[in-house]
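Keep the viewer open as you read.

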Amino acid sequence: LVMFFYGSNGKSDPVSMGNKVEHQAKNQVTYDIHLPTDLGMLYKVRLGLQSLENSISQLSFHHFKMQNTSTLDTFSLTINKTLPLSLNGDRWIEFPVEWPLKEALSVVTYHIIVFSRNILTKRNVVHMTACVYGTHGDTGDRSLLWSLENVHQGEDSESFVVAMDAVELGELDKVILLISSKVDCKLEVRKLHLKEALKDDPIYVFEVNEAFSVDANNPEIQKEIPVSFVIKRDKRKNGIDNNSHIEGSQPGNLTEYIIKVYTGDKRGAGTDANVHIILFGNEDKSEVFQLSRSLEHQDPFERGRVDTFKVMTKEIGNLHSIEIGHDGKGF
């Protein structure tokens with residue numbers, strides 16, 4: 001059993017409970033630990049299993065109580081959770097520390113959306129974790145392959161969603177990926193999207209676009225990925241007319257963009273789904289445009305065709321990236 005303590009001035013080293021037992025009674029263990037005084041006001045605790053070895057049985061936690069032996073300030077919490085959460089599952093529990101007259105952070109569920117290639121077919125032999133960092137600390141290493149939702153698998157790409165419970169992280173700034181495998185293999189990670197499960201935005205985008213080769217000479221790979229950009233959805237209804245007036249912008253402040261979309265010439269390359277685009281500049285981003293009115297074709301995005309669209313948006317500065325996607329409807 002290992003614990004991490006987070007304070008206003010930083011994070012403790014891992015505190016192993018193995019040799020710190022002060023008192024043990026039925027269904028209750030008391031530990032005496034010494035934390036650095038420079039941690040400041042404690043606001044979060046993470047406890048869990050050092051590793052997931054076959055010899056480890058499940059551990060059930062019912063209640064947690066912590067007391068500062070100098071000030072006698074006491075914090076207690078009912079947990080009622082068992083680790084690991086499933087076979088090869090998440091091995092950590094996080095909770096905020098709430099002190100009198102001090103507002104505590106909340107526990108939220110984050111969705112990590114992984115866009116990749118060749119990972120799902122190797123999930124039984126590949127181990128991949130992510131440690132997410134924000135202004136309120138980090139999540140520790142969390143497994144990305146133990147409980148997958150909304151799995152989409154195509155010929156050349158795949159995506160899946162991983163749910164992760166953690167004390168709210170504030171603004172996210174980086175992710176550290178750790179990849180290892182029991183066999184030699186090559187895995188491609190394209191990007192990660194992170195957001196709170198109950199909110200549409202902000203969506204933190206971490207561009208990776210890298211193939212990782214795991215073999216005997218390189219059995220474990222670590223990759224630090226800073227946030228690429230943040231998507232904040234327009235609160236007005238998505239799908240406004242491409243040529244309609246944009247609320248709050250004067251005609252003189254609007255910029256016209258011509259967008260050409262080249263649909264591939266492979267079998268099945270076209271789509272009947274609703275396609276959208278967002279433009280990102282160094283000063284701002286556009287609203288969400290639905291690409292539905294092609295200047296050339298009544299039915300856009302057919303195989304082997306080129307479709308042109310005109311959009312008008314507020315001044316966003318120098319264009320540096322776009323988001324383009326569709327809602328998956330139709331064939």
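Start with a salt bridge: glutamate 210 pairs with lysine 223, and their closest N and O atoms are 2.9 Å apart. Glutamate 210 sits in strand E18 (residues 203-214) and lysine 223 in strand E19 (residues 220-226), so this pair ties together parts that are 13 residues apart in sequence. Glutamate 210 is partly exposed, with a relative accessible area of 27%. Lysine 223 is likewise partly exposed, at 27% relative accessibility. Please keep in mind throughout that this is a predicted model.

**Salt bridges**

How many salt bridges does the structure hold? There are 16 salt bridges in the structure.

| Salt bridge | Closest N and O atoms |
|---|---|
| Glutamate 210 and lysine 223 | 2.9 Å |
| Lysine 11 and aspartate 138 | 3.2 Å |
| Glutamate 196 and lysine 199 | 3.8 Å |

Take lysine 11 and aspartate 138, whose closest N and O atoms are 3.2 Å apart. Lysine 11 counts as partly exposed because its relative accessibility is 37%. Aspartate 138, by contrast, is buried, with a relative accessible area of 5%; the cut-off for buried is under 20%.

Lysine 11 and aspartate 138 also belong to a network of salt bridges, in which they are linked with Lys44, Arg46, Asp90, Glu94 and Arg142.

In the pair of glutamate 196 and lysine 199, the closest N and O atoms are 3.8 Å apart. Glutamate 196 counts as partly exposed, since its relative accessibility is 22%. Lysine 199 is partly exposed too, with a relative accessible area of 43%.

**Backbone features**

Next comes the backbone. Most residues other than glycine have a negative phi, and most peptide bonds are trans.

Which kind of peptide bond, cis or trans, runs from aspartate 201 to proline 202? That peptide bond is cis, with omega near 0°. Proline 202 is placed in the loop between strand E17 (185-196) and E18.

Strand E18 is also where you will find asparagine 209. Although asparagine 209 is not a glycine, its phi is positive, at about 50°. Asparagine 209 is exposed, with a relative accessible area of 57%, and the cut-off for exposed is over 50%.

Phenylalanine 301 has a positive phi as well, of about 65°, and it is not a glycine either. Look for phenylalanine 301 in the loop between strand E23 (289-290) and E24. Is phenylalanine 301 buried or exposed? At 5% relative accessibility, phenylalanine 301 counts as buried.

**A buried threonine and a surface patch**

Strand E24 (residues 306-314) contains threonine 313. Threonine 313 is buried, with a relative accessible area of 0%. In sequence, threonine 313 and glutamate 256 are 57 residues apart, while in space their C-alpha atoms are 6.5 Å apart.

For a surface feature, turn to Leu319, Ile322 and Ile324. These residues form a nonpolar patch whose accessible area together is about 270 Å². Isoleucine 324 is part of strand E25 (residues 319-326), and it counts as partly exposed because its relative accessibility is 46%.

**The second largest pocket**

Last, a look at a pocket. The second largest pocket has a volume of about 1,500 Å³. Its lining is made up of 37 residues, and those closest to its centre are Tyr31, Phe64, Lys65, Met66 and Gln67.

Which strands supply at least two residues each to the lining of the second largest pocket? They include strand E1 (2-7), strand E5 (28-31), strand E6 (42-48) and strand E7 (59-67). E7 gives the most to this lining, with nine residues. By kind, the lining residues divide into 19 nonpolar, 15 polar and three charged.

Conventions
Residues numbered from 1 in each chain as written. Predicted model: local features only at pLDDT ≥ 70, side-chain atom pairs only at ≥ 80, totals over all residues. Heavy atoms only, no water. Patch = residues over 30% accessible without salt bridge, like charges linked within 9 Å, V, L, I, M, F, W, Y side chains within 5 Å. Areas by Shrake-Rupley, 256 points an atom, 1.4 Å probe, with all protein chains shown as cover. Salt bridge = Lys/Arg side-chain N within 4 Å of Asp/Glu carboxyl O. Helix = DSSP H or I, 4+ residues; strand = E, 2+ residues; numbered from the N terminus. Buried < 20%, exposed > 50% of the residue type's maximum accessible area, 1.4 Å probe, protein only. 1 Å grid on protein atoms, 1.4 Å probe; cavity = no way out; pocket = protein on both sides within 12 Å on 5 of 7 lines; lining within 4 Å. Points joined across faces, edges and corners; volume = space filled by probe spheres on them. Nonpolar A, V, L, I, M, F, W, Y, C, P; charged D, E, K, R; others polar.
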